[in-house]
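Hi everyone, thanks for coming. Have a look at the model on the screen while I talk.

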Amino acid sequence: MGDFTFAKRMEPITGSAIRELLKLTAKPGMISFAGGNPGNFSLPDEEVAEIIQELLKTNGKNMLQYGPTEGYAPLVYELQKYILEEFGAEVVKDEILPVTGSSQAMDLICKAYLNPGDNVIVESPSFIGNLQCLKIYEANLIPVKSDDKGIIIEDLERLINKYNPKMLYTIPTFQNPTGISMSIDRREKIAELAAKYNMLVAEDDPYHSLRYSGENLPAIKSFDKHGKVALLGSFSKVISPGLRVGFMAGDAALIKKCTICKQSADVHTPTLNQAVVAEFLKRGLLKPNVEKACEVYKQQMDTMLEGLSQIKAVVKYTVPAGGLFIFGEIKEGENVEKYFRKAVDRGVAFVPGSPFHPEGGHENTFRLNFSNSDIDTIKKGMQILKECFDNN
Ligand SMILES: Cc1ncc(COP(=O)(O)O)c(C=O)c1O
């Protein structure tokens with residue numbers, strides 16, 4: 001191994017125990033409830049092939065040339081309509097930046113906006129990838145309490161008064177890892193608090209359209225009258241994660257700074273990929289693709305929930321109205337790791353819940369994904385989990 005003196009800011013970044021654990025799951029034939037991949041069936045390869053062929057035939061040189069960091073103009077145009085229709089937020093061209101996956105939006109915000117030691121309020125549990133990003137930029141993470149309607153506003157305001165945070169990072173819809181969605185009134189209240197306390201809200205919403213019951217909810221961004229909310233969106237879960245196309249919608253000054261940061265990150269998101277998404281939106285292909293996926297995901301989720309209900313050791317679990325995940329608990333004081341190891345030995349993987357918690361602990365929790373396995377595989381995997389959890 002190389003003898004490197006890495007940047008000091010990398011010292012607390014362990015590369016995560018979970019990655020080590022998940023290496024165990026990379027065996028062929030493994031039933032994986034561990035990842036967050038959309039189902040292969042939902043990836044629109046034929047439509048994308050047709051679009052790419054046409055783009056290369058009609059606009060090939062442009063597709064293969066450098067493009068502006070600000071994004072491929074037809075995509076920005078489509079995004080403006082999409083953000084209004086899907087998220088209820090009215091934004092103008094200068095408030096939108098196409099990015100290389102919404103992960104990049106988070107990285108750019110941290111790079112442009114945070115100083116080492118800045119206080120950032122986060123949900124606990126929350127998405128490991130973006131918690132890691134915040135840690136790399138040396139943010140001080142402060143967990144806020146949540147319930148089945150999302151962040152508890154009283155606790156948020158208490159923490160704001162105590163820590164004067166620079167930012168709140170939240171996943172309001174079908175949260176990763178819990179699957180829980182924030183209520184409309186709390187969304188509105190968060191936009192109000194952001195303005196009152198001059199706190200930026202990074203609203204990460206990649207699962208927004210994957211809804212299996214209930215009504216579409218407006219984004220926090222839709223209540224933002226003062227440019228304090230940056231909406232991070234992604235086409236990874238509804239078109240293709242491999243295309244790496246997402247967007248950020250926020251105040252024009254923030255977008256401008258993030259655009260400068262993006263110049264040195266990747267110059268621009270690949271033009272061909274941006275154009276594919278633009279065409280997908282323009283041709284109205286997104287809605288049917290999402291509808292098809294939701295129909296299947298709902299059945300997969302119901303099958304997994306049914307399986308979970310049979311496991312006696314599981315004392316609590318979320319019943320989401322959408323998204324890709326269910327979060328469960330065994331008895332407090334117990335550790336799921338022993339069950340994890342047994343399950344992996346028997347060919348089933350899931351993710352222990354502790355690493356999703358910025359403050360650690362919660363070893364009795366775990367996350368299951370249902371989008372990436374068909375119904376029969378879910379039935380089989382859940383039966384194995386039952387045996388691993390209940391036959392001690
Ligand atoms: C909450 C959340 N945010 C962001 C992402 C990353 O999305 P992208 O592929 O657009 O970078 C994920 C992916 O799993 C996620 O769960």
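I'll go through the ligand, then some aromatic rings.

Quick housekeeping: this is a predicted model, where local features need pLDDT of at least 70, side-chain atom pairs count only at pLDDT 80 or more, and totals for chains, interfaces and linings use all residues. Residues are numbered from 1 along each chain as its sequence is written, and side-chain values use heavy atoms, with hydrogens and water left out.

So, what surrounds the ligand? There are 13 residues, and the closest are Ser103, Asp204, Tyr207, Ser234 and Ser236; a residue is near if one of its heavy atoms lies within 4 Å. On its own the ligand exposes 400 Å², and the protein buries 92% of that (Shrake-Rupley method, 1.4 Å probe).

Now the rings. How many aromatic pairs does the structure hold? It's 15, counting Phe, Tyr and Trp (its six-membered ring) with centres within 6.5 Å; planes under 30 degrees apart are stacked, over 60 edge-to-face, the rest tilted. Take Phe41 and Tyr297: edge-to-face, 5.7 Å centre to centre, 75° between the planes. Phe41 is partly exposed at 34% relative accessible area, while Tyr297 is buried at 0%; buried means under 20%, exposed over 50%, partly exposed in between (1.4 Å probe, protein chains only).

Last one: Phe366 and Phe389 make a tilted pair, 5.6 Å centre to centre with 50° between the planes, and both are buried.
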